[in-house]
2 protein chains.
Amino acid sequence: MPKHDASMSVVKRLPRYYRFLSDLKDNNIVRISSRELSDKMGLTASQIRQDLNCFGGFGQQGYGYNVAQLHNEIGMILGLSSKFKAIIIGAGNLGKAIATQMSFEKRGFSLIGIFDNKESVTGQMINGLPVRHVSGLEEFCSENRPDVAILCIPRDAAPKVAEQLVGLGIKGFWNFSHYDLGLKYKDIPVENVHLSDSLMTFCYKVKEASEK
Amino acid sequence: MPKHDASMSVVKRLPRYYRFLSDLKDNNIVRISSRELSDKMGLTASQIRQDLNCFGGFGQQGYGYNVAQLHNEIGMILGLSSKFKAIIIGAGNLGKAIATQMSFEKRGFSLIGIFDNKESVTGQMINGLPVRHVSGLEEFCSENRPDVAILCIPRDAAPKVAEQLVGLGIKGFWNFSHYDLGLKYKDIPVENVHLSDSLMTFCYKVKEASEK
DNA sequence: GCCAAATTGTCAATGTTTTAACAAAACTTT
DNA sequence: AAAGTTTTGTTAAAACATTGACAATTTGGC
């Protein structure tokens, strides 16, 4: 039961807390204070306490936070025990990398299908799943009811595919395409990963640093 | 010549402006007002004017902005005509995807080498470059002086590799490893792409939306 | 069982980012 | 070339996010 509604800035920090707590747990550390955690993470202790308090009082005065419990709580807040059914659209290098390298099961998802529009790749097995041709998308969706789609397709293909998927009942997009979803579908959750944008931002940082 | 120093929030929006301006240019649109652009991008016109003004007055009252000129200016600010020499460490699925799908040349970089620690993949050609064994990293660096490294390696390998690369003169990291660089190297530019974190944030959004 | 040390949850203050408002400047039409 | 329209650059206000401070509470040692 959330106390206040958490802002997106807070939510975006939760995975990082989760990651650090996993690590502490692996090292058999049982308790930690906001101060110690802040040192490890490069944040202020105040921010940590404030962030966590958006969701409830997980700590105890004079003691700190129980690592395992806090780890678990944050997992619950993020919804990592969900099993949202996901499909990947686009089995190019990126789609393949996502399919093979992400631990979907630990992050609230279950990968149930991979699609591509090129005949040449359909049938290929990736991580135990066959690449299907997009022509079978409609049938697959009505049979398997996937919740979300992961778009690893070129920019030009994105609007049309997204439109189709929304029509087939897709309720969220993890979008790697070079196209801004979320402008059109305001009520559907979209998480964009614009690698090109990230690379350009990186370029700016490198340039700035080299000028000093 | 920057007027004020731009904050990171502003800089992070520049690639997106750049992207939309590219598109306008492709469609032969010559001028645009902050109002029209704000409609297209889903921002306030005020924010656009404020953002652009961090770097100088590119617009003209009563007219708006010249698309081609503004596009060019933002490219300059980002430093996209730089040719920072980049190497990729890790030729797994992700490293391969990055190597083949990113337009480095258009984003201020030039990819000059790909490395992996597995003998089995060395020698393989990716996008015209041979995968080299990491044992040759030192020699390669002293010969070719790469500026930045792109880390597509597992979490555990990251700290050590980063340390070595800093020693070899690397001046920036585009980091895909599940590890927080930038805590240790405060003066070296780091751009993190934590896909797992993004997936968890996405999970939260989907969960929230499904509860309404 | 009491006292000192530790540490949270929360409130207030500070800092940052976004939005709104508008005078000044340039464009367009007549 | 004058009048009206558009639209910027900029200042001020509002919203949001982070940090600091401290009372309240629990721990742990003696």
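Student: At what angle do the axes of H1(A) and H2(A) cross, and how close do they come?

Tutor: In this predicted model, where local features need pLDDT of at least 70, side-chain atom pairs count only at pLDDT 80 or more, and totals for chains, interfaces and linings use all residues, the axes of H1(A) and H2(A) cross at roughly 105° and come within 11 Å. Residues are numbered from 1 along each chain as its sequence is written, chains are lettered from A and ligands numbered from 1 in the order in which they are written, and side-chain values use heavy atoms, with hydrogens and water left out. Axes are lines fitted to C-alpha atoms, for helices over the stretch in contact, and angles run from 0 to 180 degrees between N-to-C directions.

Student: Why is H1(A) called roughly perpendicular to H2(A)?

Tutor: Angles under 35 degrees count as roughly parallel, over 145 as roughly antiparallel, 65 to 115 as roughly perpendicular and the rest as oblique. The crossing angle is roughly 105°, and therefore H1(A) is roughly perpendicular to H2(A).

Student: What makes the contact between these two helices?

Tutor: Contact means heavy atoms within 4.5 Å. Arg16(A), Tyr17(A), Phe20(A) and Leu24(A) take part from H1(A), and Leu37(A), Lys40(A) and Met41(A) from H2(A).

Student: Why are H4(A) and H8(B) described as oblique to each other?

Tutor: H4(A) packs against helix H8 of chain B, residues 195-210, at about 55°, with the axes 8 Å apart. This angle falls among the rest, and so the two helices are oblique to each other. Their contact joins Met76(A), Ile77(A) and Leu78(A) of H4(A) to Met200(B), Cys203(B), Tyr204(B) and Lys207(B) of H8(B).

Student: How do you know that Asp180(B) forms a salt bridge with Arg19(A)?

Tutor: A salt bridge is a side-chain nitrogen of Lys or Arg within 4 Å of a carboxyl oxygen of Asp or Glu. For Arg19(A) and Asp180(B) the closest N and O atoms are 2.4 Å apart, and the rule finds 10 salt bridges across the interface of chain A and chain B.

Student: What area is buried between chain A and chain B?

Tutor: Buried area is the accessible area (1.4 Å probe) that two parts lose on being put together, summed over both. Between chain A and chain B it is about 5700 Å², with 68% given by carbon and sulfur atoms. Of the area that chain A buries against chain B, Arg19(A), Met200(A) and Phe202(A) supply 13%, more than any other three residues.

How values were computed. Helices (H or I, at least four residues) and strands (E, at least two) are DSSP runs, numbered from the N terminus.
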